[in-house]
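My entries follow in the order in which I made them.

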Amino acid sequence: MAEKVLMLALSPTMEEGTIIKWLKKEGDAVKIGDVLCEVETDKASMDYESSQGGILLKIAVAEGGGAKVGEPIAIIGKKGEDISGLLAGPGRTAGPAASSAAVGAPGPAAAAVKVRETESGANGGAPGTSVRVKSSPLARVLAEQAGIDLARIQGTGPAGRVVKRDVESASASSVQAPSSQAGLRSESVPVSGKRKVIAERLSQSMFSAPHYYVRLAVQADGLLRARSALNARREKKVSINAFLMKFAAEAIKRYPMVNSSWQGASIQLFGAADIGLAVAQPDGLITPVVRDCGSKGLLQIDAELSGLIERALANKLKPEEYGGATFTISNLGSFGIDEFTAVINPPGSAILAVGSIKKEPVVGPDDRIEARTLMRLTLSCDHRVIDGALGANFLKYLGDIIEEPVRILY
Amino acid sequence: MSPSSSTKGARPSAGSAAQAYGKELLTRLLREMMLIRRFEEKAGQMYGLRKIGGFCHLYIGQEAVAVGTIAALDLAKDYVITGYRDHGHALACGMSPNTIMAELYGKATGCSKGKGGSMHMYDAARHMLGGNGIVGSQIPVATGVALKIKYRNENGVVLCYFGDGAIHQGAFHESMNLAKIYKLPVVFICENNHYGMGTDYKRVSSVEDFSIMGASYGIPGKKVNGMDVLTVYGEFVDAIATVRKSGEPLFYEIDTYRYRGHSMSDPAHYRTKEELDEYKEQDPILILKKQMSEAKLLTEDEYGQIDEEMTDLSNKAADFADASPEPEIDSLYEDVLA
Amino acid sequence: MAVITFREALRQAIDEEMTRDESVILLGEEVGQYNGAYKVSQGLLDKYGDRRVIDTPISEEGFTGMGIGAALVGLRPIVEWMTFNFSFMAFDQILSNASKTRYMSGGQFTCPVVFRGPNGPAEYLSAQHSQALQSFYAHVPGLKVVAPSTPFDGKGLLKAAIRDDNPVMFLESELAYAWKGEVPEEEYVLPIGVADVKRPGSDVTIVGFGKPMKVILEAAEELERQGVKAEAIDLRTIRPLDENAVYESVRKTNRCVIVDEAWPFASVGSHVGWLVSKNCFDSLDAPVEVVSAEEVPMPYNHRLELASQPSVEKVIEAAKRVLYA
């Protein structure tokens with residue numbers, strides 16, 4: 001029975017071949033292995049050897065013509081056979097399409113490609129909606145279990161990575177997000193750069209430095225008398241804060257370890273008492289620093305402080321004017337606060353929180369109740385550097401100076 | 001047998017040899033060679049239709065080597081191991097055309113479950129240790145098989161085939177040495193088809209007569225005409241008897257020729273049409289046909305009938321392969337480890 | 001329990017298996033008359049004769065292939081390479097034949113052969129003779145790769161390797177042959193593919209195998225003195241890998257250091273590091289550390305060669321990094 005002669009792939013990559021020359025003509029006898037024609041492939045010209053024997057009944061693709069692999073190029077059969085059916089009908093052998101369909105496993109094209117939908121806003125460039133927090137995978141799991149927002153935790157790992165221990169120490173003091181209440185608006189407020197800095201610095205301080213607090217109520221009469229005496233002869237009044245800075249610097253001279261910083265492998269003792277004062281601004285908090293208060297007189301401290309505060313309120317402080325306080329004072333007395341605790345301002349290891357000066361009943365000599373002018377001080381200490389006794393001694397000495405400023409001459 | 005004895009002339013003339021061997025054996029040899037020829041032609045055609053992929057090295061022209069040598073074996077105790085041009089050896093070992101064609105198609109019914117392909121025809125039961133795709137890599141393995149035969153006193157022989165390309169691999173030389181020092185029953189057979197891929201063997205060999213290479217290792221070597229199956233067969237009946245008795249290795253260069261390119265993608269432009277035609281006139285099938293006709297052991301009708309039968313077997317093998325299932329995806333991880 | 005050397009333990013394993021199973025043979029350079037380059041096979045030629053203890057020429061590709069061929073038809077050869085540094089002369093045989101014949105034949109053949117010898121740095125041997133080459137073999141499906149760290153493990157695992165129906169790469173260590181350890185008198189076999197906790201701990205997981213386990217255990221002791229409890233996991237088998245033993249430990253400690261004396265690029269260490277990162281991601285509190293060889297050929301000078309290898313100090317440092325300490 002007559003059969004089609006199909007174009008074969010004569011090179012691994014050949015898709016189509018061109019008949020250069022027929023070496024047999026219609027009517028010729030063909031033996032298996034005879035070269036039927038020369039075919040130009042994509043690589044070379046190749047002899048097409050017949051794998052079928054018989055008479056070449058029909059040449060379907062003339063010289064110069066092309067055929068895709070699997071397409072008939074001729075018909076071979078017995079002499080006189082009717083080949084009209086073959087000229088029209090499908091070939092006996094399945095073509096390459098069927099072959100590749102049989103061989104091919106479901107490929108990647110069959111798999112539905114789903115474009116990942118991004119969360120609304122996440123990639124939209126809205127300012128401040130997404131802050132990437134470096135954290136270990138374990139810390140993420142632990143924070144999620146504890147319901148703590150990772151962004152609220154200051155990491156102590158490399159480059160501030162939040163790690164297991166950070167989550168553990170944060171979980172005790174973690175603040176849950178307040179639920180919304182009637183009349184209040186629930187909204188997400190963008191975080192300013194300054195707010196972010198404050199958040200990072202103070203979180204790092206709070207969650208890495210083990211804080212403890214020592215408190216002392218001091219009689220402010222001596223301080224007030226000294227200040228009145230000084231200011232009586234001056235047009236510009238020296239502030240209480242300038243006095244406190246000077247007194248703190250004097251106390252630091254006696255207890256220099258208070259003026260230091262935990263560095264992990266070492267403790268850095270600072271050669272000068274650079275004392276910062278927390279100043280409230282509408283959009284946050286800043287601590288201008290008066291350098292080396294120990295070697296400066298009260299008037300100079302006050303003058304510098306006034307200038308710094310002025311520039312702070314005008315938002316004009318330069319970084320070198322508010323960074324690197326070795327000791328910090330925060331005074332909320334003017335807000336009418338009796339006493340409070342403050343978060344240590346790194347790189348320092350202690351911060352003095354000062355309450356308002358007011359008269360209070362005090363048990364005096366002979367157990368009599370007297371009215372005294374008191375000021376309540378709370379010293380926050382980094383326990384890694386300042387042990388309890390040191391914190392207590394320092395604050396007591398500072399209190400003594402406040403009560404009796406002449407002591408700084410001792 | 002002495003090292004590097006000459007190639008022709010020692011054996012009885014073809015006609016008398018044919019008479020001596022008798023019709024049954026000769027018909028068997030003819031059938032086997034024709035099965036290989038028709039099977040390979042079919043494989044070539046199916047490769048062209050992309051039913052078969054990758055490398056596909058056809059054995060057309062070399063049939064007398066595999067058939068003549070393996071016919072002299074007792075595969076109950078003897079072994080065969082060869083290189084990547086292995087379809088002919090597989091068929092000569094008695095593996096079914098269906099399982100070989102299915103392997104070429106990569107089907108689950110292939111002898112290697114579709115995981116080996118053209119170069120890796122194996123049949124443990126028939127002691128066919130495969131086709132090896134790395135030139136010469138099978139030769140050291142053959143010494144190991146021979147070591148086991150010796151260790152177990154099985155009196156078997158290993159026939160280890162490789163080409164004129166592999167003979168320059170270190171593996172060949174190391175193996176010859178090992179076989180000699182341990183007295184291993186292995187026959188190293190270099191099927192010299194004249195071209196290591198596209199390179200004429202004479203261009204890359206320090207000697208033209210490979211048979212002298214055995215001498216370096218104290219192994220008798222001989223060159224045999226691989227286009228005459230009766231010569232090959234007769235030589236190997238003797239050789240195998242010798243090895244069974246001595247337990248020592250032999251080395252043969254069998255001179256042969258492949259009609260096709262190195263693989264299906266090779267147009268074989270490195271040789272002339274005249275050269276090819278010259279060899280086609282010494283076609284091993286035609287030679288045997290002539291020998292049998294002259295000895296009145298084969299009629300034209302009988303030949304035509306055998307041809308038809310072998311063509312039919314090959315077509316059926318293709319049909320079987322075509323109808324066979326693809327391997328299950330789950331089989332991917334099967335047979336990595338025992 | 002008897003205290004014996006690593007080499008004696010290995011010899012006992014070979015000896016016992018050769019007695020138990022007549023199909024086990026030993027072949028390699030100097031295994032017979034010379035009694036083994038490292039004396040592992042001492043006395044075996046006298047006991048079993050040259051039919052079963054076969055001295056080979058310096059012909060790694062040839063005799064390795066011979067071992068494979070014999071394995072394919074039913075023997076259980078133990079092929080000794082004088083060192084794994086020479087195994088690359090035979091790499092094709094391992095890669096193309098030992099690991100693949102089963103797969104290529106559709107499961108018709110098994111290849112029960114053991115390739116063994118010292119692997120990894122020794123001393124003063126320079127670049128070509130002092131290499132940790134496990135990564136090359138660990139890469140290949142179809143092989144098993146075993147690397148014991150004690151005489152006890154060595155004996156039990158070598159017996160298992162000889163009985164295994166697959167090609168097993170058995171990595172020993174030149175420097176460890178003289179190490180001593182307790183080995184029971186009675187017969188035992190250890191399963192291939194099961195890791196061992198060599199020292200329990202809760203703070204950090206240190207994973208290793210083979211000779212560097214000694215470094216790991218010394219580092220763990222020092223860490224203990226510093227208040228850190230390290231868990232030392234000895235993989236014992238590289239392929240198949242006992243992944244779960246590692247994961248279990250890391251999920252407990254949240255930290256992982258891997259010690260591999262090979263070069264780190266595409267190594268067992270880097271692979272285990274990837275597996276841990278992938279499978280213990282949510283348990284990790286720190287990135288996985290790998291302590292490996294430095295990426296240089298082994299120098300001859302002793303100071304330099306020590307500097308190129310994992311050390312107790314390097315392991316401690318890595319442990320501290322993952323502990324943020």
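The angle between H7 (residues 170-181) of chain B and H3 (residues 60-72) of chain C is about 70 degrees, and their axes are 8 Å apart. Axes are lines fitted to C-alpha atoms, for helices over the stretch in contact, and angles run from 0 to 180 degrees between N-to-C directions. Helices (H or I, at least four residues) and strands (E, at least two) are DSSP runs, numbered from the N terminus.

I then listed the residues in contact (C-beta atoms, placed from the backbone, within 7 Å). H7(B) contributes Gly170(B), Ala171(B), Glu174(B), Ser175(B), Asn177(B) and Leu178(B), and H3(C) contributes Glu61(C), Gly62(C), Phe63(C), Gly65(C) and Met66(C).

**Basis of the model**

I recorded that this is a predicted model, in which local features need pLDDT of at least 70 and side-chain atom pairs count only at pLDDT 80 or more, while totals for chains, interfaces and linings use all residues. Residues are numbered from 1 along each chain as its sequence is written, and chains are lettered from A and ligands numbered from 1 in the order in which they are written.

**Other chains**

I found 11 residues of chain B in contact with 17 residues of chain A. The C-alpha trace of chain C spans about 60 × 40 × 40 Å along its principal axes.

Methods
Two residues are in contact if their C-beta atoms, placed from the backbone, lie within 7 Å.
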